[in-house]
Amino acid sequence: MRALLLYNTSSGRGRIWHHIADIRAIFAGAGIDITPREINFQRNPFEGAKDTELVVVCGGDGTVNFVVNKMKQEGLDPILGIIPAGTANDFAHAIGMDSTILGAAHQIAHGTVRRVDCGKANDKYFVNILSFGVLTTTSQHTSNIAKHLIGKLAYLRTGMIDLLDLHHIPLTLRYNGEEIKVDAAMFLAFNGNSAGQFKLAPKSNIEDGMLDILVLDYDNRVRTCWNMMNYLINHESEAVHHLRCERIELDCNIDEHTDIDGQPGPQMPLRIECLAGALKIKA
Ligand SMILES: [Mg+2]
């Protein structure tokens with residue numbers, strides 16, 4: 001089996017580099033000779049390796065997003081393994097990966113292959129979440145240096161600043177033959193079930209061919225904070241609407257920036273869909 005280990009040294013706190021030899025040894029123990037390659041985000045990670053059968057990505061959600069987009073653009077369908085090594089590893093958690101680097105490597109090397117869903121918004125793919133509105137671009141606004149130094153606290157700090165940017169987003173949603181208009185503060189479309197390690201969509205299933213969507217109504221800053229806290233604690237709030245669908249179309253007459261897996265996402269209008277079983281996962 002031709003296998004490639006794509007790793008991002010700027011993921012997490014740069015710990016990955018020390019583990020490369022151990023990861024290779026774990027795969028060798030399962031009879032898999034894996035070639036390590038550091039990801040260069042300016043280049044195609046599959047250059048000269050298009051016949052790769054197994055791609056193990058060592059990084060966070062953003063790194064997985066990059067690799068999956070390149071893979072799909074190239075029309076490749078290798079088996080994927082995910083070693084969680086970023087600040088946010090929501091996709092890895094959603095597919096049940098061990099939270100340690102070597103534990104996950106072992107799980108992939110000796111695991112079985114199954115299919116899970118992949119999200120797509122316009123021409124971009126996402127593995128965990130597409131979002132926009134208050135707090136959703138926090139990851140994009142948080143510097144890598146801050147993430148490395150203070151980890152999750154960096155998101156919290158930037159998140160508090162982002163709360164000042166609360167504004168209403170007039171949306172038209174079309175799904176399951178219905179059209180509804182909402183004044184939203186936040187929109188989340190889940191393929192996985194968590195965002196920033198907050199399990200916001202506990203009922204979301206990555207193998208059901210559907211996206212779980214949460215829409216938070218716009219209100220003033222105090223009530224919006226209250227509604228979000230309430231939802232985080234009780235997993236329900238009158239201000240949060242939950243819907244489940246295979247695809248949804250969104251129109252919005254303001255230039256609202258979107259986020260996919262912690263990276264800049266496509267522009268409005270959006271056509272978001274769940275591609276059932278579009279990723280082969282070894283775990
Ligand atoms: Mg689902």
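The legends below describe close-up views of a predicted model of one protein chain.

**Figure 1. Overview of the predicted chain.** The protein chain contains eight helices and 15 strands. Of its 283 residues, 44% are buried. Among the contacts in the protein chain with a separation of 6 or more, 74% are between residues 24 or more positions apart.

**Figure 2. The largest nonpolar core.** This core has 74 residues, and those that touch the most other members are Val56, Val57 and Leu188. Strand E9 (residues 178-190) supplies the largest share of the core, seven residues. At least three residues of the core come from each of domain 1 (3-111) and domain 2 (124-276). In soluble globular proteins, nonpolar side chains tend to be buried together.

**Figure 3. The surroundings of Leu188.** Leu188, in strand E9, stands opposite Ser131. When neighbours within four places in sequence are left aside, the contacts of Leu188 are Ile129, Ser131, Ala195, Leu200, Ile213 and Leu214. Leu188 is also one of the residues that touch the most other members of the largest nonpolar core.

**Figure 4. Strand E9 and its pairing with E7 and E8.** Strand E7 (residues 129-133) pairs with E9 in the antiparallel sense, over five bridges. Strand E8 (residues 169-175) is likewise antiparallel to E9, and seven bridges join this pair. E8 and E9 form a hairpin with two residues between them, and Asn176 in the turn has a positive phi of about 45°.

**Figure 5. Strand E10 between two partners.** E10 is paired with E9 in the antiparallel sense over six bridges, and six bridges also join E10 to E11, again antiparallel. Val215 has His241 in E11 as a bridge partner. Six of the seven residues of E10 are buried, so this strand is largely enclosed by the rest of the structure.

**Figure 6. Helix H4 and its buried face.** In helix H4 (residues 101-109), the buried residues are Ile101, Ala104, Ala105, Ile108 and Ala109. Seen down the axis of H4, these buried residues fall within an arc of 135°, so they line one face of the helix. An α-helix has 3.6 residues a turn, so residues three or four places apart point the same way. The elements covering the buried residues of H4 include helix H1 (20-29), strand E3 (54-59), strand E4 (79-84) and strand E15 (270-282).

**Figure 7. Helix H2 and the glycine that follows.** Helix H2 (residues 61-73) has 13 residues, which at 1.5 Å a residue should span 18 Å; its end C-alpha atoms are 18 Å apart, in agreement with this expectation. The buried residues of H2 are Asp61, Gly62, Thr63, Val64, Asn65, Val67, Val68, Lys70 and Met71. Just after H2, Gly75 takes a positive phi of about 70°.

Figure 8. Most residues other than glycine have a negative phi, and most peptide bonds are trans. Gln197 is not a glycine, yet its phi is positive, at about 70°. Gln197 is found in the loop between E9 and strand E10 (211-217). Because 13 other C-beta atoms lie within 10 Å, Gln197 is partly exposed. His235 also has a positive phi, of about 60°, although it is not a glycine. The loop that holds His235 lies between helix H8 (221-234) and strand E11 (240-245). His235 is partly exposed, with 14 other C-beta atoms within 10 Å. A cis peptide bond joins Met268 and Pro269, with omega about -5°. Pro269 lies in the loop between strand E14 (263-264) and E15.

**Figure 9. Arg223 of helix H8 and Ala239.** Arg223 is located in helix H8. Because Arg223 has 14 C-beta neighbours inside 10 Å, it counts as partly exposed. Arg223 and Ala239 are separated by 16 residues in sequence, and their C-alpha atoms are 9.6 Å apart in space.

Terms used: Residues are numbered from 1 along each chain as its sequence is written. This is a predicted model: local features need pLDDT of at least 70, side-chain atom pairs count only at pLDDT 80 or more; totals for chains, interfaces and linings use all residues. A residue is buried if 20 or more other C-beta atoms lie within 10 Å of its own, exposed if 12 or fewer, and partly exposed in between; C-beta atoms are placed from the backbone. Helices (H or I, at least four residues) and strands (E, at least two) are DSSP runs, numbered from the N terminus. The arc is that of the directions from the helix axis to the C-beta atoms. Two residues are in contact if their C-beta atoms, placed from the backbone, lie within 7 Å. A nonpolar core is a set of buried Ala, Val, Leu, Ile, Met, Phe, Trp, Tyr and Cys residues joined through C-beta atoms within 7 Å. Domain bounds come from an automatic or database domain assignment. Two strands pair if DSSP finds at least two bridges between them. The expected span of a helix is 1.5 Å times one less than its number of residues.
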